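I had the model open this morning and jotted down what I looked up, one item at a time.

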Amino acid sequence: MPTKAHPVVFIHGLWIHASSWQPWMELFDEHGYDTVAPGWPGDSNTVADTRRNADALNNVGIAQIVEHYAELIGNLATTPVAVGHSFGGLVAQELLAAKHIAAAVAIDPAPIKGVKALPFTQLKSAFPVLNNPANKHRTVSLTPKQFQYSFGNTLSEEESDDLHERWTIPGPGRPLFEDAGANFSRHSPADVDTDTADRGPLLLTSGTEDHTVPLKVTREVFDVYANGPSDTEFHEFDGRGHSLTIDHGWQEVAAVALHWLAAKGF
């Protein structure tokens, strides 16, 4: 199969290592895309090494993550498209608004500034970090039980625990504090220009059972974009939770992303 014109950059979210994108990269490679899945600044190359060196992620915030990916993308020969999950989906939207990328798929993305919905499940999912102000400056790990509530609520305990063991890493608390306070900050790093007319297309998706970024939240993000002139679409994954990119049903999600990119000419 001929190589596609635009490579794909995969951007992971909070608590999940970049290597979790490997099955996606192999699938997209089969469809002709060059792919790359860089970690956040401070991530080590493996799950085990990141767990051992968690302090390297202390104080890493949204702006630093966006700048990190913008710099990496700037070194590519061709403008890529991005697929991001959770906070990676927020980062992808910021990169798209700044025209660093040609298109973006934001899978159950962390909310942008301006979203007012705050369902209980979202608060409970963020509580392991937000319950202590000191966590803004350090990393926090999820226990298997916390992970099952936040990510694996639609899965068996066995599958959720397996995903927790294979893919989870300590996450910096700063992005959650920044996102939680976005509507009270004049210059929030979670602010995205939703009125940009000449950016590339954006697909927002949501699992209907997502606890971490509930459907109501992502629908509100879509409504914010709907007021602008740019190409923005929305897709629901029925019965899926926040683990949808790494659990047994990941191929359904990947297929939607592939189909959408092809339909947009990428």
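Predicted model: local features only at pLDDT ≥ 70, side-chain atom pairs only at ≥ 80, totals over all residues.

First a definition for my size check: the radius of gyration is taken over C-alpha atoms, and the globule rule is 2.2 Å times the number of residues to the power 0.38.

Size. For 266 residues the rule puts a compact globule near 18 Å, and I found 17 Å for the chain, so the two agree. I looked up the extents too: the C-alpha trace spans about 45 × 40 × 35 Å along its principal axes.

Fold. I got 10 helices and 8 strands for the chain.

Surface and inside. Buried residues come to 57% of the 266.

Charge. I have 33 negative side chains against 18 positive ones. The centres of the two sets lie 7 Å apart.

Helix α4. Is this helix buried or exposed? I went through residues 87-97 and found 11 of the 11 buried, so α4 is largely enclosed by the rest of the structure. My cut-off for buried was under 20% relative accessible area. The buried set includes F87, L90, V91, L95 and L96, but also Q93 and E94. G88, G89, A92 and A97 are on that list as well.

After the helix. I checked the backbone just past α4 and noted a positive phi of about 65° at K99.

Terms used:
Residues numbered from 1 in each chain as written. Heavy atoms only, no water. Helix = DSSP H or I, 4+ residues; strand = E, 2+ residues; numbered from the N terminus. Buried < 20%, exposed > 50% of the residue type's maximum accessible area, 1.4 Å probe, protein only. Lys, Arg positive; Asp, Glu negative; His and termini not counted. Charge placed at Lys NZ, Arg CZ, Asp CG, Glu CD.
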